[in-house]
Amino acid sequence: MTEEMKQRITIRIAGKEFELDVDAASEEKIRAAVKRINQRIFEKSSSYPMVPRDEILSMILLEEEVRLVEFETLRDKEKEKLLQQLHTLDERLGEYLIGR
């Protein structure tokens, strides 16, 4: 991807600014993710006001990784199911064509 297709944006997570070079098509998704992250930080900080910010971020990261592992596990199961269905279809098609 060429540099001309990238743009520099500034985001703020947990009060800290970051400058990123992103594809124009990704900006909206990144900004939506930042909004969700900051909302989660606010919610956790409100629920646990005495917990330091780095621990709040660690809790959020753990929750997100657990969700990602669950999603990947589900995706892998669905992929295996689809592959099995495709194999069954292939066998049936082969049997049909041989029987013609």
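1. At 48% relative accessibility, Glu-17 counts as partly exposed, a class lying between buried, under 20% relative accessible area, and exposed, over 50% (1.4 Å probe, protein chains only). Its salt-bridge partner is Arg-12, with the closest N and O atoms 2.6 Å apart, and Arg-12 is likewise partly exposed at 44%. A salt bridge here is a side-chain nitrogen of Lys or Arg within 4 Å of a carboxyl oxygen of Asp or Glu.

2. This is a predicted model, in which local features need pLDDT of at least 70 and side-chain atom pairs count only at pLDDT 80 or more, while totals for chains, interfaces and linings use all residues. Residues are numbered from 1 along each chain as its sequence is written, and side-chain values use heavy atoms, with hydrogens and water left out.

3. The count comes to ten salt bridges. One of them joins Arg-8 to Glu-19, the closest N and O atoms being 2.8 Å apart; Arg-8 lies in strand E1 (residues 6–13) and Glu-19 in strand E2 (residues 16–23), so the pair ties together parts eleven residues apart in sequence. Strands (E, at least two residues) and helices (H or I, at least four) are DSSP runs, numbered from the N terminus.

4. Glu-63 forms a salt bridge with Arg-40, the closest N and O atoms being 2.2 Å apart. Glu-63 lies in helix H2 and Arg-40 in helix H1, so this pair ties together parts that are 23 residues apart in sequence. Both residues belong to a network of salt bridges that also links Lys-44, Glu-64 and Arg-67.
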